[in-house]
Amino acid sequence: MTTYYSEEHEWITVEGDIATIGITQHAADQLGEIVFVEQREAGDEFEKGDEIGVIESVKAASEIYAPVDGEVVEANGALEDTPGALNENPEGDAWIYKVKLADAAQLEDLMDLDGYKALIG
Amino acid sequence: MTDTPKRTPLYDLHVELGGKMVDFAGWEMPVQYPMGIMGEHKHCREKAALFDVSHMGQVILKGDNIGEKLEAICPQAYATLKEGKARYGFFTNEDGGIMDDLIVSNAGDHFFVVVNASMRHQDIPHMAANLDGVEVTEIFDRALVAVQGPKAEDVVGELCPAARDLTFMETTVADINGVECRISRLGYTGEDGYEISIPEADAEAVARAFLAHDDCEPAGLGARDSLRLEAGLCLYGNDIDQSTSPIEASLSWAIQKRRKEEGGFPGAERIQRELAEGAAKKLVGIKPEGRAPARQHVEIQCAEGNTIGEITSGSFGPTVGGPVAMGYVAKGHGEVGEKVNLIIRGKAQPAEIVSLPFVQQNYKR
C-alpha cells in the first residue's frame, strides 16, 4: 500500500476509493503534547485546502488542512478521549479520518516518503 | 523586533539539556525541554523545577526614602515595606491602567525591583524620571533563576541553609556554592519556592548544583505559563495592560488599605471610584466544561447569548487535567457558578465562572 505525504505534514494511504488520513510523527513532535482534537463528522464534504479539523497542544491550536477533495466516512472517535495517542502513534492507530476520495488523481500532487523526508530535512 | 535575540548566562546549559529555544520578548529562551510541558508542569507541582527567568529586568534603587518615593508611582504601601520583605505591586498610569507589574524588595541599604522582560525598556526610564534623588541601576551581570515546587526548600536548602528560614515574600542575601546570591521566597507558579539572583559568571554552576538534586528538573516558559494560569496569576500583556485597572483585574488585594483610603498615586481617582462603585468589567476564572481549550481573545457570552467579555489567558491545565482560562466579564456578570458560553471557532462551548486559583496555592507562610 502506497503512502502519500502532504506539505502540511499529513499522510494518506488508499484502499480502493477509501483513504485514511493522519498527521506525521514529525508533525506530532513539532506540535508537542496534544490535548484536544476537533474533527468533522461523517458525511461532511470538503475540498483540498479546506480546514477539516483542529489539533490543540498545551501551547497552541493548529489547523488540519485537507490534502485532497473528499467526504468524511469516519472520524477516529478514540481521539476524543485520548488525544495524546496522536503523539504516541500518529502514523498508526491514531489516524484522524477515513475519507472517500473525490478525485484519486489528486494523489499524484502529493509526495512519496523520500520527497517528504527531503522536505523535513 | 529585528534585533538578534539576547542570550541569558544559562543559554549553553539550556541547549545542553535539550531545551527548545524560542524568541521571547527579545530573548532566546527554552519553551520546553525533552520532558515536555506537561511533565515539567507536573514535576513542579509534585517535586521541584528550575526556571531561567534571567530575561526579567533586575533593578537596584539607591537613595533616601525609596519606599515613600515609590508610592508616587505605585499604589502599594512601599514606605512601610520592612527590610527583608518583598511585595507584589504595579506601576499605574494617570488613567488608572497598569503600566507593568513588579516585585519590590527592601534589601536594607537599597531596594531590589524585578520587572517584566517586555517592559523593562519602559520601566527603567519611568523609575529614573519619577524617583527624585534615587539612583536607578539596571543590572545586566546577574542571572535570575526560580526554583519552584514542594521540594524547592530541600533543593535550595541543601546548598543554602539560610533559605529554609525564609517565609513567603521574604528576601535575604546568602552564599550558594561560595557565591553571594539574593534569595527571595516567592515565585510565579502557585507553589512554594525561590527566585535567586546570581552573578552571571557563577549562574551555570549554581543552576547545575540545583539540577544535581534528584527532585529538581529544568522547566521552560511553557510550563511556567500553564503553572501561573492554574495559580490564577496575571500575565502582563495578556490579562493586564495599560487600559485595565487593578480593580478590573481583581488585584485590589495588592493595594494596601492605607493606599486605598489616601490615594496619592497615578490614576487614584479611577481606582478609588471603582473600589467604591465596582468596575465596568472584572477578571474571573473560567472553566470550560468540554475538552477544547479556550485561548486568548475567545468571546464570552452570557446564557442569553449576549457578548459579555473575552478570554485573556487560556490553555490546558495539566494539574487540573482539562482546559482552564481567565477572562474579563462585564459588570453584572461573573458570580462564581454562572454558566457562560465560549465561542470557539464559531461554536458555543459551555463553561462556568469559577473562583481562582484553579489549583490551591502552596506558599510557606
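In this predicted model, 39% of the 121 residues of chain A count as buried. A residue is called buried here if 20 or more other C-beta atoms lie within 10 Å of its own.

The secondary structure of chain A consists of four helices and nine strands. Their order along the sequence is β-β-β-α-β-β-β-β-β-α-α-β-α. Along the principal axes, the C-alpha atoms of chain A fill a box of roughly 35 × 35 × 25 Å.

Contacts show how the chain is folded back on itself in sequence terms. Taking the contacts in chain A between residues at least 6 apart in sequence, 58% join residues at least 24 apart.

Next comes the place where chain A meets chain B. Here 10 residues of chain A are in contact with 13 residues of chain B. On the chain B side, at least two residues each come from helix H2 (37-46), helix H8 (221-230) and strand E16 (307-317). The residues on this side of chain B are five nonpolar, five polar and three charged.

The last stop is the largest nonpolar core, which has 127 residues. Which of its residues touch the most other members? They are B:Leu50, B:Val104, B:Val113, B:Val145 and B:Val147. Leaving aside residues up to four places away in sequence, B:Leu50 touches B:Val145 and B:Val147, along with B:Ala207, B:Phe210, B:Leu211, B:Cys216, B:Pro218 and B:Ala219.

Conventions. Residues are numbered from 1 along each chain as its sequence is written. Chains are lettered from A and ligands numbered from 1 in the order in which they are written. This is a predicted model: local features need pLDDT of at least 70, side-chain atom pairs count only at pLDDT 80 or more; totals for chains, interfaces and linings use all residues. A residue is buried if 20 or more other C-beta atoms lie within 10 Å of its own, exposed if 12 or fewer, and partly exposed in between; C-beta atoms are placed from the backbone. Two residues are in contact if their C-beta atoms, placed from the backbone, lie within 7 Å. Ala, Val, Leu, Ile, Met, Phe, Trp, Tyr, Cys and Pro count as nonpolar, Asp, Glu, Lys and Arg as charged, and the others, Gly among them, as polar. A nonpolar core is a set of buried Ala, Val, Leu, Ile, Met, Phe, Trp, Tyr and Cys residues joined through C-beta atoms within 7 Å.
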